[in-house]
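Keep the picture open beside you as you read.

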Amino acid sequence: MKSHEPRSSSSCAACKFLKRRCIPNCLFAPYFRSDEPKKFANVHKVFGASNVTKILNEVPEEQREETVNSLVYEAEVRLSDPVYGCIGAIASLQRKMVELQHYLMLARTRLAYCAANTNTSTNCSLMTLGYAPFNPNMPCDFLDVPVSGGSLDSYAQTSFDMDHGGSTNEFGQIPFP
């Protein structure tokens with residue numbers, strides 16, 4: 001909802017929460033609708049109404065909606081993870097990305113190995129070798145297999161090295177969950 005759009009006569013969620021009368025040019029009204037009281041309650045609990053007011057006053061009007069969305073997200077994450085907040089969510093997603101890049105590298109290696117062996121008329125089946133694709137507990141026997149006619153991309157290898165380099169992310173201090 002944009003600030004120039006008309007709104008209903010009821011108070012916004014912020015004014016209801018703060019138990020005050022909602023004025024026609026209320027700073028919170030365009031971003032905290034009356035039917036979303038939890039949204040402002042979370043933001044207020046983490047940042048406080050006066051800080052949110054200061055932030056919104058400093059931000060250009062065309063960026064306020066995005067700013068409020070960021071504040072709402074940060075507040076929700078901070079309430080669910082009071083220690084790490086968004087950084088914990090980012091670290092978790094980065095860990096998952098490195099894990100998936102590792103699996104992609106393994107799949108590419110196995111595919112290249114099978115392609116090289118099928119060119120020499122050898123029957124290559126992952127099931128024959130006793131491996132199930134994308135099994136996280138699978139041994140990494142194919143990592144040292146030479147690939148004929150190419151090599152793995154360096155990004156996947158770097159991701160593999162990052163995954164096996166330790167138990168912390170690039171922030172260096174936040175352990176992965």
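A nonpolar core is a set of buried Ala, Val, Leu, Ile, Met, Phe, Trp, Tyr and Cys residues joined through side-chain atoms within 4.5 Å. The model you see is predicted, and its largest nonpolar core has 20 residues. Those with the most contacts inside this core are Cys12, Cys26, Phe28, Phe32, Phe40 and Leu56. In soluble globular proteins, nonpolar side chains tend to be buried together.

Which helices supply this core?

| Helix | Residues |
|---|---|
| H3 | 49–58 |
| H4 | 64–80 |

H4 provides the largest share of the core, 4 residues.

Now for the rings. There are 4 aromatic pairs in the model. Setting aside neighbours within four places in sequence, Phe28 touches residues including Cys12, Phe40, Val52 and Leu56.

Finally, follow two helices. H3 and H4 pack at an angle of about 150 degrees, their axes 9 Å apart, and the crossing is right-handed. From H3, the contact uses Val52, Ile55, Leu56 and Asn57; from H4, Arg64, Thr67, Val68 and Leu71 take part. These contact residues divide into 5 nonpolar, 2 polar and 1 charged.

Key: Residues are numbered from 1 along each chain as its sequence is written. This is a predicted model: local features need pLDDT of at least 70, side-chain atom pairs count only at pLDDT 80 or more; totals for chains, interfaces and linings use all residues. Side-chain values use heavy atoms; hydrogens and water are left out. Axes are lines fitted to C-alpha atoms, for helices over the stretch in contact, and angles run from 0 to 180 degrees between N-to-C directions. A crossing is left-handed if the near helix is turned anticlockwise from the far one by less than a right angle, and right-handed if clockwise. Contact means heavy atoms within 4.5 Å. Ala, Val, Leu, Ile, Met, Phe, Trp, Tyr, Cys and Pro count as nonpolar, Asp, Glu, Lys and Arg as charged, and the others, Gly among them, as polar. Rings of Phe, Tyr and Trp (its six-membered ring) pair if their centres lie within 6.5 Å; planes under 30 degrees apart count as stacked, over 60 as edge-to-face and the rest as tilted. Buried means under 20% relative accessible area, exposed over 50%, partly exposed in between (1.4 Å probe, protein chains only).
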